[in-house]
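Visitor: I would like a quick tour of this model. Where shall we begin?

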Amino acid sequence: MSDDSKKPDAPGEAEKKTDNESGEDKKGTEQGQPVTLGSEGNEEVKGEDQGHPPVKIDDLLPTKLVIYPLGGRPFFPGMLTPIQVEGSPYYDTIRYALDTPGKMFGIVLSHAEDGDKVFDAAQLFKFGTVARIMEAAVNEENKQVKLLAEGISRFEITEIDKADPPIVAVVVHHEKTSNKMDVEVIKPYTLAVISALKEILKYDSLYQEQVKMFLSRHNFGEPDRLADFVASMTSSKREELQEVLETLDIRERLEKVLVLLKKELEMVKVQDKISKQVEEGISEHQRHFFLREQLKEIQKELGITKDDRTADVEQFRERLKKLTLSEEAEKKIHDELDKLSVLETGSSEYGVTRNYVDWLTSLPWGVHSKDKLDIKRARQILNRDHEGLDDVKERILEFLAVGKLKGEIGGSIILLVGPPGVGKTSIGRSVAQAVGREFFRFSVGGMRDEAEIKGHRRTYVGAMPGKVMQALRLKKVANPIIMLDEVDKIGASYQGDPASALLEVLDPEQNMEFLDHYVDVRFDLSKILFICTANQLDTIPRPLMDRMEIIRLSGYISEEKVNIARNHLIPKQLKKNGLTKGQLRFSREALRTIIEGYAREAGVRRLEQKIGAIARKAAVRILEAETEIPIQVGQNQVVDFLGKPDFRDEKPFSGVGIVTGLAWTSMGGATLDVEAAIYATGKSHFALTGKLGDVMKESAEIAYHYVLGQCKALGGDPSLLEEKAIHLHVPEGATPKDGPSAGVTMATALLSLARNKPIARQLAMTGEITLTGQVLAVGGIREKVIAARRVGLRELILPEANRKDFEEVPDYIREGFTVHFVKKYTQVPKLVFD
C-alpha cells in the first residue's frame, strides 16, 4: 500500500483528533508524514514527537455517515470506483458527502436491486464500506456529479439517524482483526488464494489487467486487501460477496474467498473449453473452405471442372435437349441463358434469373404420358374401388370410350357433385389409374388469392408459379389428371378472384395458351384432364360451371353401404388399428344397425368412423383379455360398443293436416313432415314457423291462396278456412329450410284441414305449385327416393316433368315403389284422400 494513498485528509481529521494532540502533530501530518500499519493491525499516524501515543484511523473516521445505497454488488475496501449520479436522491447524497469535512460517505448494499426502493433504510444490509471522494466534478444546474471514490474500511450500522434520503446512519468502524500470532495461520490461506488466482490468469487476460491494477496500489503481503480484491474480482452472487464483506476475521474471510475463487476457476475452465471447441470448429470450417477453393482452382486449370455459372448454364442446356419447346419458350429460355452467362454469381439478379430459368427448363414442354384407353380394364378398376354408383361409372366409361375413338381425352373438365363422403375424390384417383396418367390433387376451398392459380409476378420477392405449373413440374408430364377439390367453396378478396382465374384454366378454348404470371410464357394445358368436386352447385359461379360436364353422385342406400363396409371400410380399419380378420368380425345385421342408427348420411365417412371406434374398443378388450377371440359384433353388441343410437326411427306422422314431403339437402335426401292447424279467431290469419327461407315462405303463401280459392273444387269446405287463423309448421324448427319443392305438400296439408280428413294411406310427395295449380319439376329426385326408401315409404307423388329423372334412378333403388306423376294439383286429392 503506498504511503500517499493513506494520508488522512487534514480538514476531515482535524475535527476528529483528540484533545491531547499537539500542533506539531498537526503540522507533521499536513506536511505529508507517512501513514503506516500499527502492530495491532490498525492504521495509525506517527508524529514527529514519538512520545505521543499513535492515532488510530478509527479515531479519524466519522461516527456518522451519509449512506449511498447500492443495488448491484457490494463495494469493498481498497477498491477504486468511478460514480456518476444525476438527480435526487443520488445527487443529494453525494452533495451531502462533499459538504462534510472528510468528504466521506458509506456505500451499503440494499436488498432491493433497482428503483427507488434502494433508498429504503429498512432494505439496507448492516455492513458497508467507508468511501472517500478523491476527485469530483459537480454540475449544479443539472444536478450531476462525476466522482472517483476509494474504499477505506468496513463499518457496521448501529442506528439509522435519518431515514429519509439522504440517509444518515450511526456506524462502528472495523478494520483488520488479526495479530502477529495469526500470520503463520493466515499465510497458507494467502498462498492458496494466490495459487488459484494464478490458475485463473492462465485462462482470461481480463483478470490479468485487474491484478495489475491491484498491485499498482497494494501487494500480496496484505491478506485483508487480497481477500477483498479477489472477492470483488469474481462473478459470485451478491449475497455471497456481502457475506465476505461482513466477515471480520481475516482467516475466515480468506476461507470464504477461496471457495468463491475455486468456483470461478471451474467456470473459467468450462468457458475456455467451450471457446476452444468453437474456435476449432471455425478453424476446421475455414480450412475446408480454403481447400475447396484451392481444389476448384486446380481443377479449373486442368480443365476438369467449371465454375458455378458455367455449370448452371450447361445443366439448363442439357435439360433442353429432352424437351420440345414452343418458339416463344425457346427464344425466352435462350435469352435468359445468355443473360445468366454474363451475370456475377454473387449478385441478387443472378439468383432471380437462375430460379426463373430453372423453372422454365423444369416444365414438361412436349412431354406426354401414353393413355391406356382400355374400357374393360377401366371398368374393373372402377368396380374394384367403388361399390354401387353404376350410373356414375357408366358416365365415366362413356367419357373414356369417346376419348378412345378420338385418340385423346384431353380438353375435358368433369365436375363431380355430391354429398360429403360419397367418393368423389377416390373416383378421380380411380380414373387416373384406369387411364394410366399421373394424378395431382389440390383443394381450392377457401382460396382467396388469384396468384395461387396464375402465379406471382417475378418482381415480387419470393415469387413462384401457380398451382397448375407446380403440378406440371412435379409430375413431369404435360397431360396429368388434375383434381380441383371443393370448387364450390372458393373465396374472393381484395387480392383477386380465384374463380375468375380458373376460367382461363378450365376453358378448352383458352387454356391452349395459358399464361402464368411467373413463367410469362404460354403453356398448353389442353391435354390435361381436369376433374373438379363440389357438394352443391349453388355457390359455383355460372360462367365457371358452364365449362364443366356435371356428373352427380347422389349417395348410397343401406344395402350399398353394407357392401362398402364389408369390402372396403372394415379391412381398412382393421389394418389401421392393428387387427386381423380373425380377431374382429361384423355381421350384416350389425352393419345395418350401425347404418340406420349412427350413420344415415348419404356418404360413408361417418360409417367408417363408427367402424373405427368399434375396432379401437375391440383392441382394448383383446389386450386386457376380457373377451374371446374372435370378437363377434352382432346387432345386439352394437349398443355396447357405440352407446345409444344417434338417430331414432323416422316414422311419418299422421292425422288431419299432416302430410309427409320429400326434401333435398347437401347431405342427401330427407323426409319432411308438414303440419297445419286451425284456430277460431274471427279473422283470417296465416302463420308460418319452422325456420323457413324466403322461397319456402312464398311457396306456402301460394299454396294457401290456391287452396282457399279452389277449396270447393278440391272437395273441401271453405267455411273451415275462412275467418280462421291457420298455422302451418315444418318440424325440427332449428334446421333451416328453403326451396319451392314443398309446395304440393303444404297445399295438401291445408286441403286436409278443409276436408277435415287425414290422408288415406302413408305416402310422400314433392313438387312446386303455382297459383293456377300447375305442378312444376323439382331437383334431387334420386336423393328423395332414397330418403323415402330409408323410412319405409313405398308410394310417391312426383311432378310429371320429373318422370325422366325417376327413370334414371337405378332399378334396384326404384324396385317396390308405386309412383304417381301429376301435371296439375287437381290430380293430387284423388290420389291422397280416395
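Guide: Start with one glycine. Gly-597 touches Pro-645, Asp-646 and Phe-647, leaving out residues up to four places away in sequence. Contact here means heavy atoms within 4.5 Å. This is a predicted model: local features need pLDDT of at least 70, side-chain atom pairs count only at pLDDT 80 or more, and totals for chains, interfaces and linings use all residues. Residues are numbered from 1 along each chain as its sequence is written, and side-chain values use heavy atoms, with hydrogens and water left out.

Visitor: How far apart in space are Gly-597 and Pro-645, C-alpha to C-alpha?

Guide: Gly-597 is found in helix 21. Helices (H or I, at least four residues) and strands (E, at least two) are DSSP runs, numbered from the N terminus. In sequence, Gly-597 and Pro-645 are 48 residues apart. In space, their C-alpha separation is 4.9 Å.

Visitor: Is Gly-597 buried or exposed?

Guide: Buried means under 20% relative accessible area, exposed over 50%, and partly exposed in between (1.4 Å probe, protein chains only). Gly-597 has 8% relative accessibility, so it counts as buried.

Visitor: Where is the kink in helix 20 centred?

Guide: Helix 20 covers residues 558-576. The bend at a residue is the angle between axes fitted to the seven residues ending there and the seven starting there.

Visitor: Which elements do the buried residues of helix 20 pack against?

Guide: The buried residues of helix 20 include Val-562, Ile-564, Ala-565 and Leu-569. The buried set packs against strand 17 (584-586), helix 21 (588-598), helix 22 (605-623), helix 26 (781-790) and helix 28 (811-814).

Visitor: Which side chain makes a polar contact with the side chain of Thr-361?

Guide: Thr-361 lies in helix 12 (residues 348-362). It has 4% relative accessibility, so Thr-361 counts as buried. A polar contact is a pair of N or O atoms within 3.5 Å; within protein, one must be able to donate a hydrogen and the other to accept it, and residues adjacent in sequence count only if both atoms are side-chain atoms. At 3.0 Å, the side-chain partner of Thr-361 is Arg-319.

Visitor: Which backbone oxygen does the side chain of Thr-361 reach?

Guide: Beyond neighbours within four places in sequence, Thr-361 is in contact with Phe-316, Arg-319, Leu-320, Leu-323 and Ile-333. At 3.3 Å, the Thr-361 side chain reaches the backbone oxygen of Asp-358.
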